[in-house]
Amino acid sequence: MNLIRCFIALELPSPVQKHLAQVITRLKEAKADIKWVEPENTHLTLKFLGGIFPEQVQSSRKVLLDQNGKHPPIHCRTGQIGIFPGWNRPQVIWLGLIDGVQRISDLQLLTENGLADCGFARDPKKFKPHLTLGRVRSPNNMDKLAERIRTLPLEEIEFSFEELALIKSTLTQSGPVYQTLETIKLS
């Protein structure tokens, strides 16, 4: 039986995706070996489920629907660029958030608890809300990227997360293709 690769995420409004596209374009000037995220694919992942069975997709959908109508939109403001786990061993380039972090963390915990009740394993890593910009493929030109990040003036963008979604991810040679399986409004 084929497994379905899924995750639960807060969807980004289009103006924020456009802002991230501009940031990524400027970071690309460093010519570092990074697999940059396609702007239309940017989101804030609350829980990566991995490859799951269709029955687990249904239970994930139920956990999502259980949150429907219980949460208002989450107001946020974009922050600074960061690196996971750090510059000694960079793997992920991300954009942080300033406002709304605690509310996002609370929603993530509710989602994690609901999924754990359905048999999903808890993520042992501490959750840190962020918007992934790219993944490091090799250390080539990381010094130039570090300098670019250090000197890049960043405009802070205010926005609200208004949708939480269960998303199917199909990996292709040209990158992941996302399909929303279920969405609830934060209202």
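Q: What span should the 13 residues of helix 2 have, and how do the end C-alpha atoms compare?
A: This is a predicted model. Helix 2 covers residues 54-66. At 1.5 Å a residue, its 13 residues should span 18 Å. Its end C-alpha atoms lie 19 Å apart, which agrees.

Q: Which residues of helix 2 are buried, and what do they pack against?
A: The buried residues of helix 2 are Val 57, Ser 59, Ser 60, Arg 61, Val 63 and Leu 64. They pack against strand 1, strand 3 (43-52), helix 3, strand 8 (163-172) and strand 9.

Q: What makes strand 3 and strand 9 edge strands?
A: Start with the sheet: four strands form an open, antiparallel arrangement in the order 3-1-8-9. Strand 3 and strand 9 each pair on one side only, and that puts them at the edges. Neighbouring strands here are turned by 25° against each other on average, direction ignored.

Q: How do you know that strand 1 and strand 3 are paired?
A: Two strands pair if there are at least two bridges between them. Strand 1 and strand 3 are joined by eight bridges and run antiparallel. One example is Glu 11, whose bridge partner in strand 3 is His 43.

Q: Which helices lie on this sheet, and at what angles?
A: Helix 2 lies across strand 1, strand 3, strand 8 and strand 9, at about 45° to strand 9. Helix 3 packs on the sheet too, touching strand 1, strand 3 and strand 8. Its direction makes about 15° with that of strand 3.

Q: Why are strand 2 and strand 7 said to stand at the edges?
A: Five strands form an open antiparallel sheet, ordered 2-6-5-4-7. Strand 2 (34-36) and strand 7 (158-161) each have a single partner strand, so one side of each has no neighbour in the sheet. From one strand to the next, the twist averages 40°.

Q: What shows that strand 4 and strand 5 pair?
A: The count of bridges does. At least two are needed. Strand 4 (residues 74-84) and strand 5 (residues 92-97) have five, in the antiparallel sense. Within this pairing, Ile 81 stands opposite Leu 95 in strand 5.

Q: Which strands does helix 1 touch as it packs on the sheet?
A: Helix 1 (residues 14-28) touches strand 2, strand 4, strand 5, strand 6 (131-136) and strand 7. Its direction makes about 30° with that of strand 6. Helix 3 (residues 101-117) lies across strand 4, strand 5 and strand 7, at about 85° to strand 4.

Q: How do you know that the buried residues of helix 1 share a side?
A: The buried residues are Val 16, Gln 17, His 19, Leu 20, Val 23, Ile 24 and Leu 27. They cover an arc of only 155° around the axis, which puts them on the same side of helix 1. On the other side, Pro 15, Lys 18 and Gln 22 are exposed.

Q: Why is the pair of Phe 7 and Tyr 178 called edge-to-face?
A: A search of the whole structure finds three aromatic pairs. In this one, the ring centres are 5.2 Å apart and the planes stand at 75°, so the pair is edge-to-face; the label needs over 60 degrees. Phe 7 lies in strand 1 and Tyr 178 in strand 9, 171 residues apart.

Q: Why does Phe 7 count as buried?
A: Its relative accessibility is 3%, and buried means under 20%.

Q: Why is Tyr 178 called partly exposed?
A: Its relative accessible area is 30%. That class runs between the 20% limit for buried and the 50% limit for exposed.

Note on methods
Residues numbered from 1 in each chain as written. Predicted model: local features only at pLDDT ≥ 70, side-chain atom pairs only at ≥ 80, totals over all residues. Heavy atoms only, no water. Helix = DSSP H or I, 4+ residues; strand = E, 2+ residues; numbered from the N terminus. Axes fitted to C-alpha atoms, helices over the stretch in contact; angles between N-to-C directions. Contact = heavy atoms within 4.5 Å. Buried < 20%, exposed > 50% of the residue type's maximum accessible area, 1.4 Å probe, protein only. Arc of directions from axis to C-beta. Phe/Tyr/Trp six-rings, centres within 6.5 Å; stacked < 30°, edge-to-face > 60°. Expected span 1.5 Å × (residues − 1).
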